[in-house]
Amino acid sequence: MVMDNLYNQTYMKQACEQLQGTIECDFVGLAFQESKGPNIGWKYASGNSNDKYERITLRYGKGIAGRVLSTGRPMEIKYFPQNILGKALEYPIMLAEKLLYAYAVPILINGIPKGVLLVGFRSETSISDDEKKFVEKAAADIKKFLSLEKM
Amino acid sequence: MKNSPTKNQISSYIIQSQEEEIKRIALELHEGVGQTLYSLYSGLQFIEQTINSSNMKSYVNEMSQLLEKTIQEIRLLSVELHPPTLTTLGLVPAMKSYLRMFTSTYGILVDLDIEGQEPNLTETQKITLFRVCQEALGNVAKYADTHFIQLDFLFVDNNLTMTINDNGKGFTVENEMQRSSGLAAMKERMNLIGGQCLITSEIGKGTTIDVLLPL
């Protein structure tokens, strides 16, 4: 996608860091479709505890990010791995970053989910409705930035 | 009066029945649904080339991409359930295929070392070794908190040795054996085919799983 130039990379990295600072969460990840092929990977992260996210390719329809991509709707997980759909092994980013809470929203380009923005905590915390709106706004800002870049 | 089947025979029968069903579903996904979707994907690509309207072209392209992702997921699901290469090419090629999927799913690197030549293993031996390895790798992804696994296969002197080693956070084996049915199932599966599964772990240093099978 349009993630390859330095300006875009700086913008995305800063967007993750700013969101982490505002929500005061432990982890923020931004996944996008690769420039070639159908694969979607975690391109940017803030607060990551290791580099596993760089090697993870999202499974379409699986886990929190995979489901957000397939449904195009936000998803929240509380007290992971309790009360999850499927098995804990289907949630790689939760396992890789040892997250107990996550809220993920789609980044829609022309109405189609092309990316995922995720905020997470390593403690049994959750975020308020206002904070959720802030995450959604951050995703909308990223979408706007990408749309402007394409023009 | 005929002798009743032993507990081991019943366990073997249940496992074998489940494996046959899993294999059937995996094959159906890979060869049936997967192939049909691929035909649809090729057809959509052909249609896309003939469309002049840019809006419509872009819409068909999105549909193609969605189909491509679905085909890929079906392929991965099939490898997870029962790799098609396990029957056709053997344990090592199936493990290689599974390890590629494991690294791209969990971000954990696996170094695979093979010494000797894979002998002719029975279907039951191959699937048991594959399942034990799959369970061990899954446990690393869930609990070990590490980014690297060493997996060794040794085929020498009519013996097969498989060692899975991680330098993760480790655990107390006695406590986990009582708590986790996954670890007990690994040992039981190996016992049923005449092998052994030894689990050693030290907190802060990691875990080693040694699987031995006389051939």
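Guide: A polar contact is a pair of N or O atoms within 3.5 Å. In this predicted model, 11 residue pairs are in polar contact across the interface of chain A and chain B, both residues being at pLDDT 80 or more.

Visitor: Which elements of chain A supply at least two residues of the side that touches chain B?

Guide: Helix H2 (52–55), helix H4 (92–96) and strand E5 (112–121) each do. By class, that side of chain A has nine nonpolar, three polar and six charged residues.

Visitor: How many salt bridges does the rule find across the interface?

Guide: The rule finds five between chain A and chain B. In one salt bridge, Lys62(A) pairs with Glu80(B), and the closest N and O atoms are 3.4 Å apart.

Visitor: How is the size of an interface given?

Guide: Often as the accessible area lost when the parts come together. Here chain A and chain B bury about 2,100 Å² between them, with 52% of it on carbon and sulfur atoms. On the chain A side, Arg55(A), Arg59(A) and Tyr60(A) lose the most area to chain B, together 33% of what that side buries. In terms of contacts, 18 residues of chain A meet 25 residues of chain B.

Visitor: Is Glu19(B) buried or exposed?

Guide: Buried means under 20% relative accessible area. Glu19(B) has 9% relative accessibility, so Glu19(B) counts as buried. Glu19(B) lies in helix H1 (residues 7–50) of chain B.

Visitor: With which residues is Glu19(B) in contact, leaving aside neighbours within four places in sequence?

Guide: With Ile127(B), Arg131(B) and Arg189(B). The side chain of Glu19(B) makes a polar contact of 2.9 Å with that of Arg131(B), and another of 3.4 Å with the side chain of Arg189(B).

Note on methods. Residues are numbered from 1 along each chain as its sequence is written. Chains are lettered from A and ligands numbered from 1 in the order in which they are written. This is a predicted model: local features need pLDDT of at least 70, side-chain atom pairs count only at pLDDT 80 or more; totals for chains, interfaces and linings use all residues. Side-chain values use heavy atoms; hydrogens and water are left out. Contact means heavy atoms within 4.5 Å. Buried area is the accessible area (1.4 Å probe) that two parts lose on being put together, summed over both. A salt bridge is a side-chain nitrogen of Lys or Arg within 4 Å of a carboxyl oxygen of Asp or Glu. A polar contact is a pair of N or O atoms within 3.5 Å; within protein, one must be able to donate a hydrogen and the other to accept it, and residues adjacent in sequence count only if both atoms are side-chain atoms. Helices (H or I, at least four residues) and strands (E, at least two) are DSSP runs, numbered from the N terminus. Ala, Val, Leu, Ile, Met, Phe, Trp, Tyr, Cys and Pro count as nonpolar, Asp, Glu, Lys and Arg as charged, and the others, Gly among them, as polar. Buried means under 20% relative accessible area, exposed over 50%, partly exposed in between (1.4 Å probe, protein chains only).
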